[in-house]
Amino acid sequence: MKLNADHIRDRFCVAGISYRKADTTVRGLFAVDNDLHHQILREAHTLGIRSLFVLSTCNRTEIYGYCSHPEILARLLTDFTRGSYEEFLDHGFLAHGNPAMHHLFRDRKS
């Protein structure tokens, strides 16, 4: 079965938390170091997610990947960090398809 471009784009997801909605203390709960990064990648592979990357800085933590829904990525993040899923929903964001692509490639200066 060959997937069309729209289907592939719709499966591109992001789950993230940033300075826009969360203070330093809350963002720190979702920080990902090198060890956690490898654990998340291994679990993603177990779940059948083959394309995934994690960005974790002092201003934000974002997890991108191809999956059926961005909530899967949020669960991956909260399963391996000190932040709870409820805290993530209060302070984070989820997107898929074009909004997720736009978020990845937007100009951070604006």
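How many residues does the hairpin use to join S2 to S3? A hairpin of 3 residues joins S2 to S3. Here, helices (H or I, at least four residues) and strands (E, at least two) are DSSP runs, numbered from the N terminus.

This is a predicted model, in which local features need pLDDT of at least 70, side-chain atom pairs count only at pLDDT 80 or more, and totals for chains, interfaces and linings use all residues. Residues are numbered from 1 along each chain as its sequence is written, and side-chain values use heavy atoms, with hydrogens and water left out.

**The sheet**

Four strands form an open sheet: 4 strands in the order S2-S3-S1-S4, with antiparallel pairing. Two strands pair if DSSP finds at least two bridges between them. S2 and S4 are the edge strands, and each pairs on one side only. From one strand to the next, the twist averages 10 degrees. In general, strands of a sheet pair through backbone hydrogen bonds, either parallel or antiparallel.

S1 and S3 run antiparallel and are joined by 7 bridges. Alanine 15 stands opposite isoleucine 63 in S3. Glycine 16 has glutamate 62 in S3 as its bridge partner. S2 and S3 are also antiparallel, with 5 bridges. There, valine 54 has isoleucine 63 as its bridge partner in S3. S3 is mostly covered, with 5 of its 7 residues buried. Buried means under 20% relative accessible area, exposed means over 50%, and partly exposed lies in between (1.4 Å probe, protein chains only).

H4 covers residues 70-80. Its buried residues are Pro70, Leu73, Ala74, Leu76, Leu77 and Thr78. They pack against several elements, including S1, H3, S2 and S3. Contact means heavy atoms within 4.5 Å. H4 lies across S1, S2, S3 and S4, at about 45 degrees to S1. Axes are lines fitted to C-alpha atoms, for helices over the stretch in contact, and angles run from 0 to 180 degrees between N-to-C directions.

The largest nonpolar core has 22 residues. Such a core is a set of buried Ala, Val, Leu, Ile, Met, Phe, Trp, Tyr and Cys residues joined through side-chain atoms within 4.5 Å. Leu52, Ile63, Leu73 and Leu76 have the most contacts inside the largest core. H4 gives the most to this core, with 4 residues. Among the residues that leucine 76 touches are Ile40, Leu47, Leu52 and Ile63, not counting residues up to four places away in sequence.

**Aromatic rings**

The whole structure holds 4 aromatic pairs. Rings of Phe, Tyr and Trp (its six-membered ring) pair if their centres lie within 6.5 Å; planes under 30 degrees apart count as stacked, over 60 as edge-to-face and the rest as tilted. Two of the pairs are shown here.

| Pair | Centre distance | Plane angle | Type |
|---|---|---|---|
| Phenylalanine 30 and phenylalanine 88 | 6.1 Å | 70 degrees | edge-to-face |
| Phenylalanine 53 and tyrosine 64 | 4.8 Å | 15 degrees | stacked |

Phenylalanine 30 lies in the loop between H2 and H3 and phenylalanine 88 in H5, so their pair ties together parts 58 residues apart in sequence. Phenylalanine 30 is buried at 0% relative accessible area. Phenylalanine 88 is buried at 0% too. Phenylalanine 53 is partly exposed at 37%, whereas tyrosine 64 is buried at 1%.
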